[in-house]
Amino acid sequence: EAMMNRMFLVRSHLVFAAYYGLAYVVFSWDFYIHEHFFFYFFIDWRTPFALFGYTALAVMGSLCFLFCRWITNRLKLVADGPEEDAEEREPALVHWTLVTRNPGPSGPGRSR
């Protein structure tokens, strides 16, 4: 899918990965309030590992996003370039869309 769609991941999309991580943290806090336990020790705010755990989640989320960005750009055979141009570049692969050719003028009032 990443190879065949026209979407490019750019660094400014990193904010969406941050939103995903933040949603997970808020969900885990809400789960703790209702069920009184955390699934992972490193996000339990009662432990000394919490600051390290939240920092590690942010770093790992960012690294995973950047790795996926790198992979999708390689799949699309796009060379690294300025970020501003990334959204305007076309992939070097053949477009996987069906191209239809109009055989000529036709329709009401047109002759073949």
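**Surface and fold**

Analyst: The chain has an accessible surface of about 9100 Å², with 67% of that on carbon and sulfur atoms. Areas use the Shrake-Rupley method with a 1.4 Å probe, and for residues only the protein chains shown count as cover. This is a predicted model: local features need pLDDT of at least 70, side-chain atom pairs need pLDDT 80 or more, and totals for chains, interfaces and linings use all residues. Residues are numbered from 1 along each chain as its sequence is written, and side-chain values use heavy atoms, without hydrogens and water.

User: How many helices and strands in the chain?

Analyst: Three helices and zero strands. The order from the N terminus is α-α-α. Helices (H or I, at least four residues) and strands (E, at least two) are DSSP runs, numbered from the N terminus.

User: What share of the residues is buried?

Analyst: 19% of the 112 residues. Buried means under 20% relative accessible area, with a 1.4 Å probe and protein chains only.

User: Where is aspartate 44, and is it buried or exposed?

Analyst: Aspartate 44 lies in the loop between α1 (14-35) and α2. Aspartate 44 is buried, because its relative accessible area is 9%.

User: Which residues does aspartate 44 touch?

Analyst: Phe38 and Ala50, leaving out residues up to four places away in sequence. Contact means heavy atoms within 4.5 Å.

User: New topic. Where is phenylalanine 67 found?

Analyst: In helix α2, residues 50-75.

User: And what about contacts along the sequence?

Analyst: Of the contacts between residues at least 6 apart in sequence, 51% join residues at least 24 apart.

Conventions
Buried < 20%, exposed > 50% of the residue type's maximum accessible area, 1.4 Å probe, protein only.
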